[in-house]
Each structure stands twice: as structure tokens, then as C-alpha cells.
Amino acid sequence: MPPVRLVRTAVAFLLAALTAAACNSSGQPAAAGPPAMPPTPVELAVAKPAPVEDATEYVATVKSLHSTAVQPQVDGQITQIQVASGQRVARGAPLMQIDAQRQRAAVSSEEAELAAREAGVAFARQQAQRTSELLAAGAVSKQEQEQAATALQTAEANLKALQAQVQQQQVQLRYFTVAAPTSGIVGDVPVRVGNMVTSQTVLTTIDQNETLEVYIDVPVERAPALRNGLPIRIVSSDGSQTLAQTDVNFISPHVDDQTQSVLVKGAVRNAGGSLRPSQYVRARIVWKTADALVVPVTAVLRINGQFFAFVAEESGGRLTARQRAIAVGPIAGQSYPVLGGIKPGERVVTSGAQKLADGAPIQPATPAPGRPESRNPNPESRIPNPESR
């Protein structure tokens, strides 16, 4: 290609490039940067004072105030068991029968002899009356009359002695039927029909579950704070339900030398029948109750042993989440007492905190109609108690 033509081509390309640059500079503006992050919907709760209990939980034992061990009063072989474990019985109800054939025979023999003695007394009475009449007529001597009277007295004394023996044998016969000494619920029945029992054999127990007593071993370090009237709450195994409430009514004056603890008791009304004698339970002694600033447990995060919470703050007309280090006390119900880091009236994020970063925009979420506020069903499994470490 001739040089002149090359020059013209280069000039044409240059002019086209300048024209395109001019059009770009005077046309639409360049594309903007990435859009701003949209606010994250979160649920908020206001930090406010509430009554907080200073309580300590112990493993306690529930015992029956009326627990009776049933033992026979005679030796023999069991022929019949008339109750079952767990059955409610009234006082005097028959529980078991012990073989009483030999005792019945003894009672029958004594009763037959008693009839003979009664006949003898009747004859002696007739003889004494007859000799008295003959003495008045002068037909017998005074000595014979006195002998007849003495014979009557002897017969009557022998009759009374035999009557006492018959009564004793009849009472002994009743012991072969083992009856309930008190009303209540029958416990375990370890014996069976055919077993030989003695007066030392425990046949069963009868417990009254309406009134129980809780036994709590309190460490000696907390003994100075003990006093009668302190509330005691017996809670379920997961701690979510109160089974019974009572007060301290006994504090042992002695310390157990094996466990270095002080025995504390409280009477428990077992109205619902949810407690059983000798059952292990969780018992909380409430030392005192005071107002404290609290936040829901779902608002607290634990990172490397430090507790944090996101607090909603106003910034430029919108809400932002600010992460703060806070100090909290032991969990009280569904809340954490705040010891520092949050002021009363500030709003904390209770849900969605895992997705937030410090300074992230947030907006209050609108819960669906009828939807309850979200809570952690088991807060202790999510956030450990700082005192339990």
C-alpha cells in the first residue's frame, strides 16, 4: 500500500477513537459501585429491671412423714395375700393371711373346757345355796356350809382364769390375719404364698403420700445464711416446672462429719401425687429476691469465655447493631441478670444475632399473627452458666 494511503488510514482510525471518547464523556455516567447492604430483620427486647432470685439448687430426697413397715406378730406360713403393690387401703383392711389351723384348734379346745368350767360353777353355786338352806334348818353343820361356799369361790376363780386364757387365744388368732395398721398406699410385697415368716419379717410397707418431707444437705459454707422460713421450690428434672413449694422448718444443729453439710427439712403437700417417698429431686433454696436489670438468654452470646450482646443504636436515621461486651450473673429463669455493659431501656437483639456483624443495619421484625416471641426452649444447653465452669 502507498505511504500516502497508510497515513490516511491511520488518521481515520485516530479520528474514530477521539469521536468515541468524546461520546463516552458526554453520554451516560459510569456504573455505580455495589449497592448498600439491606437491613437485617431482627427481634428486639428492652432491657429492664425485674425481680431476680438469688437461689441455689441441691439434690434432695423426699421422705414420707407416715411410713409404716408391716410385720407379723406371729410365726407361720402365708396362705393368702389379699393386696397388691400400689393399692390404697384403709386402716384395718386385711393384707395377708397366715396359717391359723393350729391356733383355731387351740381356741376350740379352750372354749370346750370353758363350757365345762361354767357347768362346774353352776353346780357349785347350787350346792352352796342348798347347804345354806340346810344350815338354816339345822340339817348340816357350819363347816359343811363353809366348804360348799369355798368350793363355789374356787370354781368361779378357775372359770375367770380360763376365760382370760380363752380371750388371749382368741386375740392371738386375730394376729394370723395381718391388717393394715394405718391407711395409705401399699408398697412392695417381697413375700409370696407359702413363705414362712416370723415376727422379724417385713411383709410390706404402707405410705401416706399426701404429706411428705424434703431433706436437703446444704454445704456448711452456706449454713450461716440458713434460717427458718426460707422458700424451697421442688422443680422437675429439666427445671422448667415447679412441682411443689414449701419453707424451711428445720435446720439441724449438727454438721454431718462425713459430708460436711447441714440437714434442712421442709414439709411438702403432695396434692398432685407427683412425688414419691425416697425420690431424689431438684430443690432450690431461695436466699433472697431483688430487682436487677435483665435481658433474655437468647440475646447473649458467649465467645472465648466472654459474653456479648448486640444493642440497637440510632445512626443516621436508621438502626444499627453494635456489639458490646457485657457482664452477666447466673441464669434466672429465661433471663440473664446484667451486671454491666447495658443500660436500662436499651434494646437488645434477641434473634438473628448470629448473622450480624458490628455496625450492621437492622430493622425490627414483624412477627406473624399468633406467633409467640421466639425463645430458646433450653437456654442452659445453649449458653452455659458461668458459675458452673
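Me: Gln97 first. Buried or exposed?
Reply: This is a predicted model. In it, Gln97 counts as buried, because its relative accessibility is 15% and the cut-off for buried is under 20%.

Me: Which strand is Gln97 in?
Reply: Gln97 belongs to strand S6, which covers residues 94–98.

Me: And what does the side chain of Gln97 reach?
Reply: The backbone oxygen of Phe176, at 3.2 Å.

Me: What else does Gln97 touch, not counting residues up to four places away in sequence?
Reply: Gln77, Ile78, Thr79, Gln80 and Gln82 are on the list, along with Arg104, Phe176 and Thr177.

Me: Switching to the largest nonpolar core. Which residues touch the most other members?
Reply: Ile216, Val218 and Ile285, out of 21 residues in that core.

Me: Which strands each supply at least two residues of this core?
Reply: Strands S2 (48–64), S11 (211–219), S12 (231–235), S15 (261–269) and S16 (279–296).

Me: Stay with Val218. What is it in contact with, leaving aside neighbours within four places in sequence?
Reply: Val218 contacts Tyr58, Leu226, Ser261, Val262, Val264, Ile285 and Trp287. Ile285 is also one of the residues named above for touching the most other core members.

Me: What about the second core?
Reply: That one is separate and has 18 residues, including Val89, Ala180, Val191 and Ile206.

Me: Val89 again, then. What does it stand opposite?
Reply: Val89 faces Gly184 in S8. S5 and S8 (residues 184–186) are paired antiparallel over two bridges.

Me: What sheet are S5 and S8 in?
Reply: An open sheet of four strands with antiparallel pairing, in the order S3-S10-S8-S5.

Me: Which strands stand at the edges?
Reply: S3 (67–70) and S5 (88–89). Each has a single partner strand, so one side of each has no neighbour in the sheet.

Me: Now the hairpins. How do S17 and S18 pair?
Reply: S17 (residues 301–303) and S18 (residues 306–315) are antiparallel, with three bridges. Arg302 is opposite Phe307 in S18.

Me: Which residue takes a positive phi in that hairpin?
Reply: Asn304, near 55°; there are two residues between the strands.

Me: And S18 with S19? How many bridges?
Reply: Nine, again antiparallel, with S19 spanning residues 318–328. Ala309 stands opposite Arg324 in S19. The hairpin of S18 and S19 has two residues between the strands, and Gly316 has a positive phi near 65°.

Key:
Residues numbered from 1 in each chain as written. Predicted model: local features only at pLDDT ≥ 70, side-chain atom pairs only at ≥ 80, totals over all residues. Heavy atoms only, no water. Core = buried A, V, L, I, M, F, W, Y, C linked by side-chain atoms within 4.5 Å. Buried < 20%, exposed > 50% of the residue type's maximum accessible area, 1.4 Å probe, protein only. Contact = heavy atoms within 4.5 Å. Polar contact = N/O pair within 3.5 Å; in protein donor to acceptor, adjacent residues only side chain to side chain. Pairing = 2+ DSSP bridges.
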